[in-house]
Amino acid sequence: MSSEFLQFLLSGITVGAIYALVGLGFSIIYNASHVINFAQGEFVMIGGMGTVFIASIGVPFPVAMAGAVLLAVVIGISLQKLAIERAREASVVTIIIITIGASIFLRGLAGIIWDRNFHSLPAFSGEQPIHVAGAVIVPQSLWILGVTVAVAVALFVFFNRTMIGRAMLGTAHNPLAAKLVGVNTNNILILSFALAAALGAVGGILIAPMAPTHYQVGIMLGLKGFSAAIVGGLGSGPGAMVGGLLVGVAEAMAAGYISSNYKDVVAFVLILLVLFFMPSGLFGKRDSERV
Amino acid sequence: MKKPTVVSRYAGVFVLATVIAVLPLLLPNSFYFDVAINGGIAAIVCVGLNLLIGYAGQISLGHAGFFALGAYSSAILTDNYGWPPIASLSTGLFVVGLLAFVIARPILRLKGHYLAMATLGMGIIISIVLNQEVNLTGGPDGMPVSAFSVFGWEVNSELAWYWIVGGSLIVIVLLALNLIDSAVGRALRAVHGSEVAAQVAGIDSTRYKILIFVVSAVMAAYAGSLFAHYTGFLTPSEGGFFRSIEFVTMVVLGGMASVFGSVIGAAILTALPQFLTVFHDYEHVMFGLVMMLTMIFMPKGLLPSLRNWISKNSL
Amino acid sequence: MSLLEIKGLSKFFGGLHAVQNLEYTVESGKVHSIIGPNGAGKTTLFNIVTGVYPPSSGKAIFEAQDITGLPIHRLASLGLSRSFQNLQVFYNMTVMENVMVGRHRHCQKGFLQSLLHTPSITRSDEEARHQAAELLAWVGLEAYATAHANSLPYGALKRMEIARAMASEPKLLLLDEPAAGLNNKETQEIDELIRQISNRGVTVILVEHDMRLVMGVSDHILVMDHGQKLAEGSAEEIRENPNVIAAYLGSGA
């Protein structure tokens, strides 16, 4: 394996882990409500920008990070309670427009309340690069991979071993049956938005030391996270993880071997290819319309 | 039964034409003309987009891409290759129509959220290409576009542009209304209402979705071409995500499945940022709010809600 | 003469055999009914015949033409139409327009002519409107012609769907539980409509749970169970068939 290839692979996996976190958020909300939350990317932005600005008032970074995640969670819950819940009976197009509206509203608000400049967070544990078989990896990459793996394990345990996690999965599978056995589906929806917002914010914090954050980063990161969820199969947790890594690696390879100008196109081409040729993704369920 | 629809159809066009004819008398200066022209251009896009979203029920979050392709085709062919503007415009419409046709078949197999994301991706790819192909488009710095001319007559007064855009809008509204009130239009609305029932009635739903996707793309390209020559300068942001969202917001605010609603939505949302500083400075926030609030409190949009209100209160 | 022939038709959903190796012939000009318990495969059979999904194996022959796997929209022009168990109404249109959509295949639909609303389009629209008005009067909905479909009660929508299906002038009309959810009086009206459809020379296949309706209108009945043919024949024969009695009355009879 050439060291150049290994380098691209490593950077692809690193950024892919972020896409995976964002993609998980899409899948969790989709499972709970069959809504694609177009504002998912804004949680990523709030994670990064929130940490920058909370830290700027003088609190230590770990506190600022927790604050930013909390902020994203509060906004996620408000989005569900104030906007999406009110249009529950509405058509898909209506819901799409509401979440897009929420997305540019939050983006605009961030641009006003915070600012419109680029900001970086300091790396969590220094910038001393580590050499691996001729390739270089920065410690932040290890943080990203480590946290992503930890989040994946925690989510796995949550969804399979805890009552509330299983209730969430049950609701995704059959909302009516879940209601009948006494699951409060409203709380499940709120929890899903909270969880998705937290995942996005964590992703936004992790990536901010490597790629500067900005009030408009949400759109691209959101779309790439969506691409991860679609490639893996919408609604599938493992799918989102694998999808994220695939999108990240494909993008890094395209940037390395083809043209970095067009690296952002890769995620969309993947979305389009998967949607056209394999609409249920790698791990997704196929559903059909009954008449 | 037939008479009222036909009468109200042409009555609406008559009112629109009257407003367009009288408006120049009321506009105090060229700033107001500029707003009116830009509103008219946006209205042309929105009437087409509403045929797709409001009538046929197929969302597109990438129509600014077609708008920009129309604009850049005119700009590139006229300025880089020296074509007559009218030839550039026609070629641009043809190329965009062809591109939309090629994209339409795979993309319109998707429904709902998937279609939204796919069209969003399509729009962003177009805008990335416009940003990157610096040799052709000037990249992020933009490119100048020479004035529009037909057989040696150069369109350079604000008033001339006003009549071109206003006249185009009237024609396009008329064509759209004709289309909706025909078997083709009923087929489109039926596909929106229940695709399987439409197919049982013998409607090839794929064919109709492709047709209206292409029609709306060509309308957007036409508006883009007018815009290019009118403003004289283009940047890739004309094809960007936010521009697409602006068009969708206009359609939604005016009223889905309402042609005149689209004209009103385009007029309002073009004028507001020009006259209200809060709208101009906080553009994202305001557009986001308009989208959310309209969908939550007035999902039918302004014009249909107003119509409902009037008919309820006149009983 | 047989209008529709089902030959060796099977449909599997995963491990579920919704329809198994079914042979069935529909004679022209009669009212045919398909009955059987829920999950017997009746609606699946409908969906295969009307092109909603392809069969796993077997064929459907309509007027000597193999229609297996044809796209749904092609079937209308061959003379096949249907109603839906769960209503499929164009709620975004008026009642009149709903029925006019049913006449789609008879309408002028040139794109340029439509944009310009040429006289030929006006004439064709006029004709469609006229036919739709007649059908609405026939099903007793003429008063609702200009109303929006979403303002109609359930029973009226059921009849509107029948009018819409008849608007395409089918040779074969498949009715999927037209009386489901209707009261006695409304069921009576459906009964009457089915007889009139048959009198107009249209062959009917009816899936229905209301036994009084089925036994009253049917010339021929197919009984399905677990995706297979349990029995077929006239109402009289079915009523006396020991297999049917066993299946319907249950336990080892």
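1. The contact between chains A and B takes 34 residues from chain A and 32 residues from chain B, two residues being in contact if their C-beta atoms, placed from the backbone, lie within 7 Å. On chain B, helix H5 (112-132), helix H11 (241-254) and helix H14 (283-297) each supply at least two residues of the side that touches chain A. H5(B) gives the most, with eleven residues. That side of chain B divides into 25 nonpolar, six polar and one charged. Here Ala, Val, Leu, Ile, Met, Phe, Trp, Tyr, Cys and Pro count as nonpolar, Asp, Glu, Lys and Arg as charged, and the others, Gly among them, as polar.

2. This is a predicted model: local features need pLDDT of at least 70, side-chain atom pairs count only at pLDDT 80 or more, and totals for chains, interfaces and linings use all residues. Residues are numbered from 1 along each chain as its sequence is written, while chains are lettered from A and ligands numbered from 1 in the order in which they are written.

3. Chain B has 15 helices and four strands; these are DSSP runs (helices H or I, at least four residues; strands E, at least two), numbered from the N terminus. Its C-alpha trace spans about 55 × 45 × 40 Å along the principal axes. Buried residues make up 56% of the 315 residues in chain B, a residue being buried if 20 or more other C-beta atoms, placed from the backbone, lie within 10 Å of its own.

4. The contact between chains B and C takes 26 residues from chain B and 38 residues from chain C. The side of chain C that touches chain B has 17 nonpolar, 14 polar and seven charged residues.

Key:
Buried ≥ 20, exposed ≤ 12 C-beta atoms within 10 Å, placed from the backbone.
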